[in-house]
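Opening the notebook on a new structure today. I'll jot down what I look up as I go.

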Amino acid sequence: MAFGSVPGFRKRTAATSSPDANAHKESPQPSIEDQATLKRGTRTRRNAIIVSCFCYLVAVVFLILIEIGNTKGTRVLGDIYFFKLDLSDILPQAVPTTLSLQNSIARTLGLHDFYQVGLWNFCEGYNTDGITHCSTPTTLYWFNPVEILLGELFSGASIALPSEVNDILNILRIASNIMFGFFLTGLLLDFVLIFLSPIVLYSRWWSLPLSFLGFLGTLLVLIASALGTAMSLVFKYALTSQTDLNVNVDVGIKMFAFMWIATGFTLLAFIIHAGLGCCCTSRRDLRTGRKGGKNLNQTVTSEKKEKKGLNLPKFGKRTDASG
């Protein structure tokens, strides 16, 4: 076999592009404006915002129940109250001889068996008939037991209310007005934050004003819940401290549960917003290359290179010129 007929390798021309160049052309840098890239980079932040919106929604539901509680004598709303006075076995200080004994001592004196207090009004009724009347809802309402009870007593009848009740009336009025305003304002703030929270996805700078609103809403609901709890407990102590009056005071368990559940969820939502101010990548961080924006580009580029693989050079047989 002639030496010239030995097959050889074809020389690669200079026009042939390198594998690295082909890979670079086939795998361009991912665009930050790409929706898939944005969703991948902000997944943690988006999930945190969803949780915060859910917390605000739950808080709003329970705050609405607090607002409408005891406004009507229905089975549901009638069980939502701050405290309930049971006067069915009250011991009077004086009773006129013309009165006839009714089903309870309170009825005999012209009073109702129980009085329960909500945020807007009070309701009264009898143990045998349930709630028979609810006062008209009034803004900045406060319960004045002295005025109500003494106004319903029959002529000639009297009861000896504890002196502690008269001492706390002014405090009760101020606390009730503050509680009313704080609960209502906290409800409005939480409702607005449900729709404003998604803005935080675009930039961490939005977390600052929304965190402030969240802190304000948390503070208002917390103070209102604390006032409602303290007012009910103080009122219970003041009326039950005099044993010869024989008055029972029941604290509204449902109202207490609703208040503190709303407080807890509002506080949790605020903590999430405060954390989003320094944590979790936003869309602005991706566009500016901060907080994982550069790493995201490198990761996506590496993944595309692995999928494309390497382009190997092609070998060919050189033809014999002599034939």
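Predicted model: local features only at pLDDT ≥ 70, side-chain atom pairs only at ≥ 80, totals over all residues.

Ile174, Ile178, Phe215, Leu219 and Ile223 make it, and it covers about 380 Å².

Which helices supply the patch? I found that α6 (163–196) and α7 (207–240) each give at least two residues to it. The largest share is from α7, with three residues.

I picked out leucine 219, a patch member that sits in helix α7. Is it buried, partly exposed or exposed? Its relative accessibility is 35%, so I note leucine 219 as partly exposed, since that class lies between under 20% for buried and over 50% for exposed.

Next I went inside. The largest nonpolar core has 63 residues. Phe83, Leu85, Leu87, Tyr115, Phe143 and Phe183 are the ones that touch the most other members.

Setting aside neighbours within four places in sequence, I listed its contacts as Leu63, Ile66, Glu67, Phe82, Leu119, Val221, Ala224, Ser225 and Met259.

Then I stepped back to the whole protein chain. I counted 10 helices and five strands. Of its 323 residues, 41% are buried. The accessible surface comes to about 18100 Å², and carbon and sulfur atoms account for 62% of that.

Last entry: how far apart in sequence are the residues in contact? Taking contacts between residues at least 6 apart, I see that 74% join residues at least 24 apart.

Conventions:
Residues numbered from 1 in each chain as written. Heavy atoms only, no water. Patch = residues over 30% accessible without salt bridge, like charges linked within 9 Å, V, L, I, M, F, W, Y side chains within 5 Å. Areas by Shrake-Rupley, 256 points an atom, 1.4 Å probe, with all protein chains shown as cover. Salt bridge = Lys/Arg side-chain N within 4 Å of Asp/Glu carboxyl O. Helix = DSSP H or I, 4+ residues; strand = E, 2+ residues; numbered from the N terminus. Buried < 20%, exposed > 50% of the residue type's maximum accessible area, 1.4 Å probe, protein only. Contact = heavy atoms within 4.5 Å. Core = buried A, V, L, I, M, F, W, Y, C linked by side-chain atoms within 4.5 Å.
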